[in-house]
Amino acid sequence: MSEPGDLVVVGAGPAGMAAAATALHGGLRVTLLDAGPEPGGQFWRRPVRAADPAARAAHPRRGRRTYRALCAALSAHRRTGRLTLLTDHHAWTATRGEDGFTVHAVDRSRAPEETDVALRAPALLVATGAYDRQLPFPGWDLPGVLTAGGLQALLKGGGVPAGARVVLGGTGPFLLPVAAALATRGAEVAAVCEASGPSAWLRRPGPLLRRPARWAEAAGYAAVLARHRVPVRTRTAITAAEGTGRVAAVRTALLDADGSPLPGSERRIAADTVGVGWGFVPQLDLLVTLGCPLADAGDGSMAAAVDGGQRTGVPGLYAAGEACGVGGAALAVGEGRLAAVSVLADLGAPGRPNPRRLAAERAAVAGHRAFARAVAGAHPVPPGWSSWLTDDTPVCRCEEVTAGAVRSVCADGSAADHRQVKQLTRAGMGWCQGRMCGPAVHGLAAPGQPYAPAERLIATPLTLGALAGPGEPPPVPS
Amino acid sequence: MTECTVDGEPLPFVPGQTLAAALVASGRIAWRTTRIGRRPRGVFCGIGVCFDCLVTVDGRSGQRACLVRARAGMTVTTGREDGDE
Ligand SMILES: Cc1cc2nc3c(=O)[nH]c(=O)nc-3n(C[C@H](O)[C@H](O)[C@H](O)COP(=O)(O)OP(=O)(O)OC[C@H]3O[C@@H](n4cnc5c(N)ncnc54)[C@H](O)[C@@H]3O)c2cc1C
Ligand code: FES
């Protein structure tokens with residue numbers, strides 16, 4: 001058990017880094033932990049040291065100054081001893097007691113060896129980010145089909161393009177930087193299939209037009225794609241992947257207004273690699289475990305419900321970044337700062353930013369959030385997505401439960417949500433505990449309603465050795 | 001270039017790379033089969049969420065190749081069904 005500090009921050013992405021820096025600046029003792037090897041999160045994922053310059057080029061210029069400033073602030077506070085930075089630490093559960101929170105984490109810095117550590121503090125900030133939302137389609141479990149984020153993570157973090165000829169599909173602005181990074185790195189991007197129509201943005205001009213920087217960014221990716229002659233096909237979805245042992249081609253189709261494939265519009269595109277993402281799902285495991293109330297994020301998922309200062313409904317518990325709804329790195333940084341200001345106020349710490357700066361930060365966050373909502377509105381999951389499933393399409397990759405099995409328990413009325421489907425079919429019962437199939441199973445069982453994950457006590461599977469480690473005994477599942 | 005051992009063969013990697021990145025760089029995209037349908041699985045989410053990429057590292061099964069960074073001298077075995085004990 002370590003010395004109790006004032007604040008534990010789980011997740012060192014843009015949100016967690018910004019929160020830690022602001023809290024440290026205000027005089028608090030902070031423990032910042034992340035499952036990854038260094039701070040940065042998904043957006044500021046550091047390339048491997050010896051990776052070639054092209055891999056570095058895949059790195060966002062946007063926000064690089066913020067990143068450097070945050071790194072400098074965190075390093076300075078490590079030297080003063082007020083920041084404890086724990087990388088390769090995966091928080092797997094948290095409990096709340098009378099004097100605050102205890103976060104249980106496994107230290108994997110000497111993997112595969114694992115040690116349990118317990119961290120205590122009166123305040124806890126969860127900034128665990130999000131992961132790509134997946135919708136199954138025939139062949140999506142073929143090797144070579146990855147999530148769009150997975151392609152980006154291999155490229156940014158590992159310097160490795162996963163294949164030579166790539167097709168990307170799904171919806172949302174995130175497909176563009178992935179396509180641009182792959183093209184820059186020499187992969188042939190045969191198509192980007194965006195399910196939304198080009199006019200979707202025009203229906204929500206207000207918040208979108210108010211953020212010229214984001215337009216410039218989109219234009220930058222578009223220029224890269226044009227230079228590499230990457231075709232972007234709108235109102236188009238990948239409806240199947242084909243191949244034996246590895247994907248060899250995808251089938252795409254134009255979508256009608258509700259997202260069903262238009263008969264006769266099918267094409268076959270050869271590809272050895274496919275990247276798919278339908279927006280992001282907030283990573284809520286620790287928050288759900290702590291009883292944090294959720295709210296509809298407006299993009300098909302539930303996210304942590306927070307007030308204007310990022311306070312959740314649980315006293316002492318704060319959330320920032322994509323865990324509160326997906327909105328990009330700049331919003332995550334702003335939310336992180338606002339959360340830390342609330343922690344400073346709630347703990348009665350002396351150092352707080354001046355009111356004018358705070359008001360400006362609040363306004364910036366509100367602007368980014370309005371932008372994020374508008375983007376989500378322009379890139380919905382098409383309601384007709386399930387029409388491209390065949391009965392033998394696996395929905396749950398872990399337990400290999402098919403769409404037919406899920407549909408039959410929904411059709412006969414025995415399952416009304418993903419929890420009931422899980423009990424009846426085992427979908428969501430495997431290693432990933434429904435993180436991958438949950439949103440899709442939910443979409444089949446309760447279409448049109450936002451997805452809320454089931455409670456998962458252990459956010460990461462542990463070896464028994466770690467459970468019996470030197471930390472505090474973990475809570476017993478009841 | 002440094003090397004670790006995968007299924008008895010040397011696997012080169014760049015320091016800092018995960019096992020998954022090193023495997024993909026070497027041309028391997030799948031390295032285990034599922035328990036029921038014997039379907040091939042490799043890297044899918046790339047960030048530790050999906051558990052498709054499980055390998056055994058220095059005798060410990062159930063390790064996610066996309067999270068574990070390759071180290072010189074590491075011994076990795078692949079192909080176990082679902083990384084089960
Ligand atoms: C795979 C992937 C790639 C992405 N790439 C890009 C990109 O290239 N460009 C772009 O604009 N946006 C990208 N995004 C979107 C990106 O998530 C956001 O823009 C931004 O990074 C959000 O910041 P955040 O701080 O909320 O979360 P993240 O940056 O996701 O940070 C969350 C951090 O929490 C850690 N964490 C999560 N759970 C635990 C736990 N239980 N214990 C310990 N640590 C934990 C994670 O390791 C991670 O470092 C990507 C998203 C994903 C999922
Ligand atoms: S690829 Fe998903 S957990 Fe490793």
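Which atom of ligand 1 lies 3.0 Å from a backbone N or O atom of Ala35(A)? A nitrogen atom of ligand 1 does. Let's start with the ground rules and then come back to that site.

## Before we dig in

What you see is a predicted model: local features need pLDDT of at least 70, side-chain atom pairs count only at pLDDT 80 or more, and totals for chains, interfaces and linings use all residues. Residues are numbered from 1 along each chain as its sequence is written, chains are lettered from A and ligands numbered from 1 in the order in which they are written, and side-chain values use heavy atoms, with hydrogens and water left out.

## Chain A at a glance

Chain A has 14 helices and 22 strands. Here helices (H or I, at least four residues) and strands (E, at least two) are DSSP runs, numbered from the N terminus. Of the 478 residues in chain A, 57% are buried. Buried means under 20% relative accessible area, exposed means over 50%, and partly exposed is in between, using a 1.4 Å probe and protein chains only.

A contact means heavy atoms within 4.5 Å. Among the chain A contacts with a separation of 6 or more, 66% are between residues 24 or more positions apart. Chain A also exposes about 18,800 Å², with carbon and sulfur atoms supplying 55% of it. Such areas come from the Shrake-Rupley method with a 1.4 Å probe; for residues, only the protein chains shown count as cover.

The domain assignment, whose bounds come from an automatic or database source, gives domain 1 (7–131 + 281–353), domain 2 (149–278) and domain 3 (389–445) in chain A. Between domain 2 and domain 3 of chain A, the C-alpha centres lie 27 Å apart.

## Around ligand 1

Now back to the ligand. There are 32 residues around ligand 1, and Asp34(A), Ala91(A), Gln152(A), Lys156(A) and Glu322(A) come nearest. A residue counts as near if one of its heavy atoms lies within 4 Å. The surrounding residues come from chains A and B, so the site is shared between chains. Within chain A, domain 1 (7–131 + 281–353) and domain 2 (149–278) both give residues to the shell, so ligand 1 lies between them. Several elements of chain A each supply at least two shell residues, including helix 1 (14–25), strand 4 (89–97) and helix 9 (329–346). By class, the shell has 15 nonpolar, 12 polar and 5 charged residues. In this scheme Ala, Val, Leu, Ile, Met, Phe, Trp, Tyr, Cys and Pro count as nonpolar, Asp, Glu, Lys and Arg as charged, and the others, Gly among them, as polar.

Zooming in on the atoms, an oxygen atom of ligand 1 is 2.9 Å from a backbone N or O atom of Ala15(A). An N or O atom in the side chain of Gln152(A) is 2.7 Å from an oxygen atom of ligand 1. Taken alone ligand 1 exposes 970 Å², and the protein buries 92% of that.

## Helix 4 of chain A

Gln152(A) is one of the buried residues of helix 4 of chain A, along with Lys156(A). Just after helix 4, Gly159(A) takes a positive phi of about 70°.

Glu399(A) sits in the loop between strand 21 (394–396) and strand 22 (401–402) of chain A, and at 10% relative accessibility it counts as buried. Its side chain makes polar contacts with the side chains of Arg426(A) at 2.9 Å and Arg35(B) at 3.3 Å. A polar contact is a pair of N or O atoms within 3.5 Å; within protein, one must be able to donate a hydrogen and the other to accept it, and residues adjacent in sequence count only if both atoms are side-chain atoms.

Over in chain B, Arg69(B) is in the loop between strand 6 (60–64) and strand 7 (75–77). Arg69(B) counts as partly exposed at 29% relative accessibility, and a polar contact of 2.5 Å joins its side chain to that of Asp88(A). Val6(B), in strand 1 (residues 2–6) of chain B, counts as buried at 5% relative accessibility. Leaving aside neighbours within four places in sequence, the contacts of Val6(B) include Leu11(B), Leu23(B) and Val76(B).
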